Amino acid sequence: MNWRYRHTALALCTLAFTATMVARLVISPLVPRITARFGVTNATVGLALSGMWLAYALAQFPSGVLGDRYGERAVVLTAVGATAVASLLIAASPSIAVFMLFTVVLGAGAGLHYSVATTFLAKQFDDIGRAIGVHVAGGPIAGLAAPPLAALVGSRYGWRAGILLGVAVAVPVFALFAWRVRPTEPGRPDQAMRERFALGSLVELLSRPPILYTTALATMGAFTWQATASFLPTFLDVGGELSTALSALLFSLYFLVHGGTQPVTGSLSDRFGRDATAMGTMSAGVLGYGLLVATARFDLGLAPTVGAVCLVGVAMSWGAPVQSRFMDLLSDAERGAGFGLVRTAYMVLGASGSVVVGTLSEVAGWGVAFGLLAGVMALGLVTLLANRLLGLGY
């Protein structure tokens with residue numbers, strides 16, 4: 001394959017996504033040291049992390065509007081630069097209140113990246129499924145490397161040094177992106193910002209049946225992804241009675257499979273269709289979560305558990321075909337703000353996955369909690385099958 005400018009753009013957008021994800025993921029392994037330093041509870045730091053992820057979700061739509069106004073390159077650089085600055089300020093926080101404030105700022109700054117970068121890549125590639133699959137793989141790559149590295153650095157040099165890993169990754173990525181990615185023309189440089197936030201136009205876009213249908217699919221996927229990212233190690237440790245070290249290793253395996261299959265499912269969606277590929281990921285989810293519950297309940301051994309984790313990793317690659325589906329439905333003029341709007345919608349709704357599954361695990365046990373995730377994947381699969389078999393046209 002001849003290396004072209006669009007491949008450089010794809011590589012650097014993926015690195016930028018990795019940088020924004022690293023800065024967010026390095027905080028979780030350092031929570032015990034942060035709580036000890038400030039003398040607060042896990043709930044307090046957990047509130048800060050919830051605020052960070054909520055700010056990340058809410059930033060998706062404004063980022064699309066800003067991309068249309070100022071060009072995608074400027075917004076991506078702002079996102080990576082804000083990630084570096086916010087990470088530095090978190091590391092320097094003198095109190096828990098300041099720590100919480102800058103953690104939310106980190107979420108908002110990092111949230112500016114994904115929607116505009118995806119819109120930018122859709123302009124560069126005809127096979128957008130593969131491009132989106134490679135781009136979204138930047139997140140799992142960060143998930144594979146950042147937590148253990150942060151834990152290692154934090155144990156040796158303190159939690160502030162662990163947080164600074166976000167700065168160490170974001171700064172060189174910012175420089176590379178500024179150097180190698182050409183300036184981009186804004187799509188709507190003269191349109192007043194208040195017009196883009198008009199309630200009527202937002203409701204109109206979200207209420208289109210195909211967009212509403214795809215948003216429902218994405219919400220099911222986001223709900224399951226959020227719960228898995230939050231509780232898979234705990235399920236394996238407590239529900240599956242594996243060692244903490246082995247549970248962490250399997251969690252890394254999950255991220256490895258998740259990242260490696262995103263480009264594959266994206267390419268498959270270009271070749272065989274978005275819905276057919278999404279049905280494959282949902283089917284993997286039904287099998288994977290179901291097998292996880294069965295292995296924990298009946299003590300089937302390590303091999304089925306490893307297989308189940310791999311299936312779950314494949315299942316969570318739903319993002320490539322479903323996000324490509326959004327791009328197919330949106331016109332060139334709508335992709336910037338429109339994709340940001342639908343991402344905000346399904347991410348905010350999907351964020352409830354952690355709360356629901358965490359609560360259900362306390363009330364009914366881990367088997368029921370993860371059985372719910374198998375049920376959500378089954379609902380997504382049935383929804384896709386109904387659209388195809390009944391000719392609903394969504």
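# Briefing on salt bridges, cores and individual sites

E204 is partly exposed, with a relative accessible area of 40%, and its side chain forms a salt bridge with R208, the closest N and O atoms being 3.1 Å apart. This description rests on a predicted model, in which 5 salt bridges and 0 disulfides are found.

**Salt bridges**

- E72 itself is buried, its relative accessible area being 4%.
- D270 and R274 meet through their side chains in a salt bridge of 2.8 Å, N to O, in which D270 is partly exposed at 29% relative accessible area, whereas R274 counts as buried at 13%.
- Salt bridges with shared partners link D270, R274 and D328 into one network.

**Nonpolar cores**

- The largest nonpolar core comprises 92 residues, and the residues with the most contacts inside this core are I27, F99, Y254, Y289, L292 and F370.
- Helix 14 (residues 209–239) supplies the largest share of this core, namely 13 residues.
- Another core lies apart from the largest one and has 24 residues, among them L12, C13, F120 and F125.
- C13 is buried, with a relative accessible area of 0%, while another cysteine, C310, counts as partly exposed at 25%.
- When residues up to four places away in sequence are not counted, F370 touches F231, L232, F235, Y289, L292, V293 and V357.
- V293, which is found in helix 16, counts as buried at 19% relative accessibility, a value that falls under the 20% limit for that class.
- Beyond its neighbours within four places in sequence, V293 is in contact with F235, G367, F370 and G371, and its C-alpha atom is separated by 9.3 Å from that of T305, which is 12 residues apart from V293 along the chain.

**Helix 8 and its surroundings**

- Helix 8 (residues 128–136) is largely enclosed by the rest of the structure, because 7 of its 9 residues are buried; the buried residues are I128, G129, A131, I132, G133, H135 and V136.
- These buried residues pack against helix 1 (5–25), helix 7 (113–124), helix 9 (138–157), helix 15 (244–272), helix 16 (274–298) and helix 18 (319–329).
- S324 has its place in helix 18 and counts as buried at 0% relative accessibility.
- Leaving aside neighbours within four places in sequence, S324 is in contact with I128, G129, I132, S269, R274 and G319; of these partners, I128, G129 and I132 are among the buried residues of helix 8, and R274 takes part in the salt bridge with D270.

- V356 lies in helix 20 (residues 352–364) and is partly exposed, with a relative accessible area of 34%.
- Apart from its neighbours within four places in sequence, V356 is in contact with F223 and L372, and the C-alpha atoms of V356 and A369, which are 13 residues apart along the chain, are separated by 8.3 Å.
- A nonpolar patch on the surface is formed by L385, L389, L390, L392 and Y394, which together have about 510 Å² of accessible area.

**Backbone at two loop residues**

- Most residues other than glycine have a negative phi, and the following two residues may be read against that background.
- E241, a residue other than glycine, has a positive phi near 55 degrees; E241 lies in the loop between helix 14 and helix 15 and is exposed, with a relative accessible area of 70%.
- D299 is not a glycine and yet has a positive phi of about 50 degrees; D299 is found in the loop between helix 16 and helix 17 (302–315) and is exposed, with a relative accessible area of 67%.

Technical notes: Residues are numbered from 1 along each chain as its sequence is written. This is a predicted model: local features need pLDDT of at least 70, side-chain atom pairs count only at pLDDT 80 or more; totals for chains, interfaces and linings use all residues. Side-chain values use heavy atoms; hydrogens and water are left out. Helices (H or I, at least four residues) and strands (E, at least two) are DSSP runs, numbered from the N terminus. Buried means under 20% relative accessible area, exposed over 50%, partly exposed in between (1.4 Å probe, protein chains only). Contact means heavy atoms within 4.5 Å. A disulfide is a pair of cysteine sulfur atoms within 2.5 Å. Patches are made of residues with over 30% relative accessible area and no salt bridge: like charges are joined within 9 Å, nonpolar side chains (Val, Leu, Ile, Met, Phe, Trp, Tyr) within 5 Å. Accessible areas come from the Shrake-Rupley method with a 1.4 Å probe; for residues, only the protein chains shown count as cover. A salt bridge is a side-chain nitrogen of Lys or Arg within 4 Å of a carboxyl oxygen of Asp or Glu. A nonpolar core is a set of buried Ala, Val, Leu, Ile, Met, Phe, Trp, Tyr and Cys residues joined through side-chain atoms within 4.5 Å.
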